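Reader: I have a model open and want to go through it with you. Can we start with the terms and then take the residues?
Author: Fine, terms come before residues.

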Amino acid sequence: MKWATMAEFTLFIGNKCFSSWSLRPWVAMRHLEIPFEESFVRLRTSETAANLAKVSPTGLVPVLNHNNRIVWETLAILEYLADLFPEKKLWPDDASARALARSVATEMHSGFREVRYGWPMNLRRPKAYKPLDAEGEAQRARIETIWRQCREQYGRAGPFLFGHFTAADAMYAPVVTRFDTYGGELAPVTRAYVDTVLATPAMRHWYAEAAREPWPEPGPHEQD
């Protein structure tokens with residue numbers, strides 16, 4: 001499939017090395033084979049704010065342009081895609097599973113601040129254990145509890161949180177990179193889920209393109 005041609009959908013994203021919010025809808029669309037054109041806005045430059053203002057009502061990425069209909073905020077983009085492509089099953093069919101998937105996706109959208117700040121997404125950073133503060137550690141444990149609960153209750157038909165790939169997996173994809181980079185030796189169940197997400201062709205492609213980015217930010221040992 002050719003991805004870099006004129007398409008019905010244009011997804012505006014930031015630097016692949018560290019733009020965690022950009023990764024979420026990108027990996028969902030790529031994994032589910034929804035064709036789109038990728039448009040890039042480099043972050044952390046003096047021109048970033050002006051460039052974002054041209055495409056984003058909030059001055060943030062990601063933003064989806066669907067035939068000049070603008071959708072922003074990651075969960076809104078995923079919900080929009082779920083409405084357009086019900087056959088892709090971005091949410092589970094079962095009502096109870098779907099309720100849990102939406103709950104944990106929203107919890108990811110609004111929470112885990114200390115994990116985000118303590119373990120910033122940086123695909124250049126060498127893998128090495130980095131301890132979190134007490135609140136961050138509690139949030140890390142909560143994430144692992146979520147993954148275990150989803151897998152035990154609804155994930156037996158496949159390797160993802162609800163068996164097949166869903167919006168919940170897309171929402172947690174950047175945290176997967178953080179666990180892999182900073183988490184050290186992970187519990188077997190956690191390691192299995194992390195490896196499942198990282199092994200998808202979509203994630204491998206994202207990592208490869210991040211490695212080719214020529215800009216210096218973020219540095220491999222950047223802390224913030």
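Author: A residue is buried under 20% relative accessible area, exposed over 50%, and partly exposed in between, with a 1.4 Å probe and protein chains only as cover. This is a predicted model, in which local features need pLDDT of at least 70, side-chain atom pairs count only at pLDDT 80 or more, and totals for chains, interfaces and linings use all residues. Residues are numbered from 1 along each chain as its sequence is written, and side-chain values use heavy atoms, with hydrogens and water left out.

Reader: Then D94, buried or exposed, or in between?
Author: D94 is partly exposed, at 42% relative accessibility. The residue sits in the loop between α3 (74-84) and α4 (95-110); helices (H or I, at least four residues) and strands (E, at least two) are DSSP runs, numbered from the N terminus.

Reader: What is T74 in contact with, leaving aside neighbours within four places in sequence?
Author: W21, R24, P25, P62, H109 and M171, where contact means heavy atoms within 4.5 Å.

Reader: Back to the whole chain. How many helices and strands?
Author: The chain has 9 helices and 4 strands. Their order along the sequence is β-α-β-α-β-β-α-α-α-α-α-α-α. The radius of gyration is 17 Å, close to the 17 Å from the globule rule for 224 residues, so the chain is as compact as a globular protein of that length. That radius is taken over C-alpha atoms, and the rule is 2.2 Å times the number of residues to the power 0.38.

Reader: What share of the residues is buried?
Author: 52% of the 224 residues.

Reader: And what share of the contacts is between residues 24 or more positions apart?
Author: 72% of the contacts with a separation of 6 or more.

Reader: Cysteines next. How many disulfides?
Author: The search of the whole structure finds 0; a disulfide would be a pair of cysteine sulfur atoms within 2.5 Å.

Reader: C17 and C150, then. What is the relative accessibility of each?
Author: C17 is buried at 1%, and C150 is buried at 0%.
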